[in-house]
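The following exercises guide a reader through one protein model, each with a worked solution.

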Amino acid sequence: MQRQSNFLKNEKRYLVLFLMTFFIANSLVLATSVLMEHKATGDWPAPFALWEPFSWEFTSSLVLVCLIPFVAWVIDSGKFSWSAPWGNVKAFLVWSLVFSILHVVGMVVLREVIYWFMGSDYRFGSWLFGFVYEYRKDAISFFLLLIIIQGYRSFVLRLRGEAAVVREGEDGRSLADRILVKKLGSEFVLKVEELEWIESAGNYVNLHLKGRVYPLRSTMERFIEDVVHQGFARTHRSYAVSVDFIEAIEAPSGQSGEVVLKNGQRIPLSKRYNLILRDRLSLSG
């Protein structure tokens, strides 16, 4: 139990550590594979210094690790959502291209520095051909990072405790103002009115409260129907907020932008829900 608690406190560090370990091991395998292939084909000594394959692979891996926050941002900002995969093909192409550009530029800069330090000259070659060559691999890396980060977060959420709506009161009336959370063998109750914002995550909605996240098995539509009377409003197909926690709306009327909560959290606001939210706020005021 104590180990689980320590893990949850440092879960982001464990994710980065896991990915760093994976990329380092992968770099060692790829770099030594280059040397072994030249040795096996008789092309030895190789037409490059022994340190060069290691510089190629480790600079690539280092930049990939540095891009983990970027991939997490793509997920958190609603740029890519697993709830509508086919509708996100365009978004995937756009953000994987951005990912690849950052990766290629970053690793080329690092290689230029290493080669300069070693008294040599690094040549990337044709930028167009080189980028197309790298993008084929970067698109796969971007997709795998999306899966790993989202899957890891789902695993962490299960450890934090799964929630369920309390629907029946002692008098038999249907209720939706309390959330029962089961965590590490114990149970406790949250009030729906204390929730700050909600996000869709596949077959779950993640309930955010005072920096903590609780997964609840439900669709966004069904959960909002249950709690709309508690002051919740949609801001995006994948997000909803409690109107009591809204600090500001940073978007012109009818345009997309963000909702800023009192705790500083920024929630995506789509064009579709901008006017609806403004009407809701005027009614609630």
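**Exercise 1.** Determine how helix α3 and helix α5 are placed relative to each other, and which residues join them.

*Solution.* Step 1: locate the two elements in this predicted model, where local features need pLDDT of at least 70, side-chain atom pairs count only at pLDDT 80 or more, and totals for chains, interfaces and linings use all residues. Residues are numbered from 1 along each chain as its sequence is written, and side-chain values use heavy atoms, with hydrogens and water left out. Helix α3 covers residues 51–66 and helix α5 covers residues 89–117. Helices (H or I, at least four residues) and strands (E, at least two) are DSSP runs, numbered from the N terminus.

Step 1: compare the axes, which are lines fitted to C-alpha atoms, for helices over the stretch in contact, with angles from 0 to 180 degrees between N-to-C directions. Those of α3 and α5 come within 9 Å and cross at roughly 140 degrees. Angles under 35 degrees count as roughly parallel, over 145 as roughly antiparallel, 65 to 115 as roughly perpendicular and the rest as oblique.

Step 2: assign the handedness. The crossing of α3 past α5 is right-handed; this term applies if the near helix is turned clockwise from the far one by less than a right angle, and left-handed if anticlockwise.

Step 3: list the partners, taking contact as heavy atoms within 4.5 Å. From α3, the residues W51, E52, S55, W56, T59, S60, L62, V63 and L64 meet F99, L102, H103, G106, M107, L110, R111, I114 and Y115 of α5. The residues of this contact between α3 and α5 comprise 11 nonpolar, five polar and two charged. Here Ala, Val, Leu, Ile, Met, Phe, Trp, Tyr, Cys and Pro count as nonpolar, Asp, Glu, Lys and Arg as charged, and the others, Gly among them, as polar.

**Exercise 2.** Describe the surroundings of S27 and the packing of α2 with α3.

*Solution.* Step 1: S27 lies in helix α2, residues 11–40. With a relative accessible area of 1%, S27 is buried (buried means under 20%, exposed over 50%, partly exposed in between, with a 1.4 Å probe and protein chains only).

Step 1: apart from neighbours within four places in sequence, S27 contacts E57, F58 and S61.

Step 2: the axes of α2 and α3 come within 8 Å and cross at roughly 160 degrees. The two helices, α2 and α3, are therefore roughly antiparallel to each other.

Step 3: the contact of α2 with α3 includes M20, F23 and I24 of α2, and P53 and F54 of α3, among others. By class, the residues of this contact between α2 and α3 are 13 nonpolar, three polar and one charged.

**Exercise 3.** Is N274 buried or exposed, and which residues does N274 contact?

*Solution.* Step 1: N274 belongs to helix α8, residues 271–284. Its relative accessible area is 0%, so N274 is buried.

Step 1: beyond neighbours within four places in sequence, N274 is in contact with A251, P252, S253, G254, Q255 and L269. In sequence, N274 and A251 are 23 residues apart, and their C-alpha atoms are 8.0 Å apart in space.

**Exercise 4.** State how accessible D76 is and what D76 touches.

*Solution.* Step 1: D76 is part of helix α4, residues 68–76. D76 has a relative accessible area of 38% and is partly exposed.

Step 1: not counting residues up to four places away in sequence, D76 touches R153 and Y239.
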